[in-house]
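This report describes the predicted model shown below.

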Amino acid sequence: MSVPAPAVRTEGLGRRFGELWALRGVDLELASGEVFGLLGPNGAGKTTTVRLLTSLIAPTEGRAWVDGFEVTADADTVRARVGILTETPGLYDRLTATQNLDFFARLHGLDPATRAERIERFLRLFELWDRRDDLAGTFSKGMKQKLAIARALIHEPSVVFLDEPTAALDPEAAFVVREAIASLRGAGRTIVLCTHNLDEAERLCDRIAFVRGGLLRVDSPARLRGGDGNGGGPSLRVILVEDPTPVQMAAVAAIPGVSHVAAGAAPVDAGVAADASLTCRLTDLRRDAPIVVRTMVEAGAQVIGVHEESRTLEDVYFEVMGRRPQVEGVTGGVDAGQS
Amino acid sequence: MRAAMVWTVVRRESLEILRNRLLVLSIVIPPIVLVITPLVLGSLASIAAATEPLPDDFVKTIVGSRPDWADFAVAELVAAYSLQQFLSLFLILPAYVPLSIATFSIVGEKQTRSLEAVLASPIRTGELLGGKTLSAIVPGMLTSWLAYLLLVVLAGIVLGPRLAGVILDPSWLAAVFLLGPAVGLVSCVAGIIVSSRVNDPRVAQQIGGLIIIPLASIAVIQAVSGFLFGAQQYVVAAIITTIVGIAGLRIANRLFGRETILTRWR
C-alpha cells in the first residue's frame, strides 16, 4: 500500500526581507487531515510561513510543496488548492455577504449551481444566511470574521490556512468557528492555524510548532506539556508529612525511568496540611508513579498524596521562547500621599 | 490572460462603484455640466457678437485655422469658436473619471487589506490589473461619449444644424473617440501608479490630477492664439498618448506584483 503524500512539505525553507531573515531552515511535513498550529510572538515569521505556503511570496531559499505541488513552479495550482483567512478579514464592504462569496467562488472557477449551493451552505454554517443580502460593511467584527472564513472555504480547499481565526470574536462566535475547524478536520482537510491563543491551539491542534525566525519546537500539545523542554517525561510530586530522607531519595532515584529527584515544599494548592514533598521526573506516568509511591512507603515515608505536576502550554511557550515577561504589580509603586 | 477572470473583477468593481454614492456623483455630474455649459455659452457668445463684433485679424486667424467656417456669419463664427473650446474639456472627462475610480479602487483595497485574499486565489496579477483598468476606463469613456452624443443632439435643437455640424467635425470625432480613450488609459495608469504609493484617495487624485495640465493647455493655447487644433493633430496626440499609456501599464504591472503589494504596500 502506498503512503499518501504529505499535505505540506518544506525543505530548508527561508525568506529574507532586505538583510533580515524573517524565517530560515524550516523543515516540515504535515499529514493530510492534520490540524497544525503555528505559535509565536508578533514578527516571529508565522504570516511569512503562511504566505510562502500559499504562493503569495517566493522563498529566498529552500523549497515547499502543497498537495505535492511546488509553491514556486506550480503557484497557480497551489493557490487553487489552498484557502486562506488573512490577519484582517479584508472583505469588500460595499458588497453583500453573498456577493463577497460569489466573487471568490468565481475566481476559483466554480459553476453557477455549485456557487449557489456552497454560498448557502457556508452562510448557514456560520449563521449569516439571514444577513446574506446585507452589505459586509454593516457587519460586526465577529460576523466579518465568519464571512472571511466562509470565503476561505468556498472552493473547498484541501489545505486551509487560518491566521487568528477567533481573534475579535465573542465567545459564542469563537465556539462556532472552533466547531467549524473541528468539522473541517473531520472532513479530511489539512489546517494550518496561526494563533496567539494557547488554549485554542491546545484544543484544536494535533501538533504545534513554536515559531521564531524558524521552527523552535514541533510536537503534540500533550507531549509539549508533559515534557521538560529537553525531551523528558511528566513530573510527579509526592506529598509527605516530613521532608524526604537521603535514603528515601536514593531509593527513588534508583528506580529505572525516574530522574531529577528533589525535595521541596508542598505546593500551595495541594489541598493538604503538609509541608514537605519529593518531586521526580518519570518516563511513563502510569507505569512509574505506583512504583515511586511503593518505594517511598517501603523506605518509611508517610505519604499523604500524589500529584502529577502538570505544566501549561504557556509554561512551555515561555520555556521554548526563552523569556517570560516580568510584570510590575499594577497597584504597587504609588505613594498613597501623592496627589 | 483569461477573459472570465478579468470579467469577474470588472463585475465586482462595477458593483462597488455603483454603491459608492460620491463616486457615482463624480461620474454623473461633470457630463451634465459639460453638455449644458457649451450650449449656454455658445448662445450667449453669438448674442454678444451681434453687439460687439470681433477684431478682423482674430476672425482671420480663426478662419485660417478652419477654412470650412469661412461662410459662417459673425455670430455663428463666435458660437462655433466658443463650442470648439469645449473640445479640450471633453478630454478632461475621460481623464478625470478613470483617475477617480482607479484611486478609490486601489487605495480602498489597501485600506481594507482585501487584496491579499484575492492574490491568494488563482487569479494572475495581469488579470487583476486588466479588470481594474477596464473598470476605470469604461465608465469615463461611456460618459464622455454619451455626453458628446447628447451635446450633438441638443446643439442641433438649440443652436441649429450648421453649428451642430461644428461638433460633428472630424477634429471632435478624433478627439472624443481616439484621444479620449487614450487619455483615459494614461489617466488610469497614473491613478494606479500614484495609488500604489499613497494611502489617501484624495492625495492620489491630487497628484494624478496633474495629467489634466496638458489637456488644459490645449484650451489655453486655442483661446489665446485663435489657432484651432485639427483632426490630424488629435490623431497624432492619440497615438503618442496611447504609447505613453502602454509604457505606463508596464510600470503599473510591476508595481502590482504580488510580493510588492504584500510586502511594500502600507
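## A residue of helix 4 in chain A

Leu125(A) counts as partly exposed because it has 17 C-beta neighbours inside 10 Å. In this classification a residue is buried if 20 or more other C-beta atoms lie within 10 Å of its own, exposed if 12 or fewer, and partly exposed in between, with C-beta atoms placed from the backbone. Leu125(A) belongs to helix 4 (residues 112-125) of chain A. Helices (H or I, at least four residues) and strands (E, at least two) are DSSP runs, numbered from the N terminus. Leu125(A) and Val177(A) are 52 residues apart along the chain, and their C-alpha atoms are separated by 9.5 Å.

## Basis of the model

This is a predicted model, in which local features need pLDDT of at least 70 and side-chain atom pairs count only at pLDDT 80 or more, while totals for chains, interfaces and linings use all residues. Residues are numbered from 1 along each chain as its sequence is written, and chains are lettered from A and ligands numbered from 1 in the order in which they are written.

## Domains of chain A

Chain A is divided into domain 1, covering 8-226, and domain 2, covering 235-309; these bounds come from an automatic or database domain assignment. The C-alpha centres of the two domains of chain A lie 45 Å apart.

## The antiparallel sheet of chain A

Four strands of chain A form an open sheet in the order 2-1-4-5, with antiparallel pairing. Strand 2 (20-30) and strand 5 (69-70) of chain A each have a single partner strand, so one side of each is left without a neighbour in the sheet. Two strands are taken to pair if DSSP finds at least two bridges between them. Strands of a sheet pair through backbone hydrogen bonds, either parallel or antiparallel.

Within this sheet, strand 1 (residues 8-17) and strand 4 (residues 61-66) of chain A run antiparallel and are joined by 5 bridges. Thr10(A) stands opposite Ala64(A) of strand 4 of chain A.

## The mixed sheet and its helices

Chain A also has an open sheet of 6 strands, in the order 6-7-8-3-9-10, with mixed pairing. Its edge strands are strand 6 and strand 10 (215-219) of chain A, each of which pairs on one side only. From one strand to the next, the twist averages 15 degrees. Strand 6 pairs with strand 7 (residues 159-163) of chain A in the parallel sense over 4 bridges, and Val82(A) has Val159(A) in strand 7 as its bridge partner.

Two helices lie across strands of this sheet. Helix 6 (residues 171-186) of chain A lies across strand 3 (35-39), strand 7 and strand 8 (190-195) of chain A, and runs at about 150 degrees to strand 8. Helix 11 (residues 313-321) of chain A lies across strand 3, strand 9 (207-211) and strand 10 of chain A, at about 40 degrees to strand 9. Axes are lines fitted to C-alpha atoms, for helices over the stretch in contact, and angles run from 0 to 180 degrees between N-to-C directions.

## The interface between the chains

At the interface, 25 residues of chain A are in contact with 21 residues of chain B; contact requires that the C-beta atoms of two residues, placed from the backbone, lie within 7 Å. Helix 2 (75-81), strand 6 (82-85) and helix 3 (97-107) of chain A are the elements that give two or more residues to the side of chain A that touches chain B. The largest share, 5 residues, comes from helix 3 of chain A.

The residues on this side of chain A divide into 12 nonpolar, 6 polar and 7 charged. Here Ala, Val, Leu, Ile, Met, Phe, Trp, Tyr, Cys and Pro count as nonpolar, Asp, Glu, Lys and Arg as charged, and the others, Gly among them, as polar.

## The helices of chain B

Chain B has 12 helices and 0 strands, and buried residues make up 46% of its 266 residues. Its C-alpha atoms fill a box of roughly 65 × 30 × 30 Å, taken along the principal axes.

Helix 6 (residues 125-158) of chain B has 34 residues and reaches 49 Å from its first C-alpha to its last, close to the 50 Å expected at 1.5 Å a residue. The expected span is 1.5 Å times one less than the number of residues in the helix. Gly160(B), whose phi is positive, near 100 degrees, follows helix 6 of chain B.

Val236(B) is found in helix 11 (residues 231-255) of chain B. The buried residues of helix 11 of chain B are Tyr234(B), Ala237(B), Thr241(B), Gly245(B), Leu249(B) and Ala252(B). Their cover includes helix 6 and helix 8 (170-195) of chain B.
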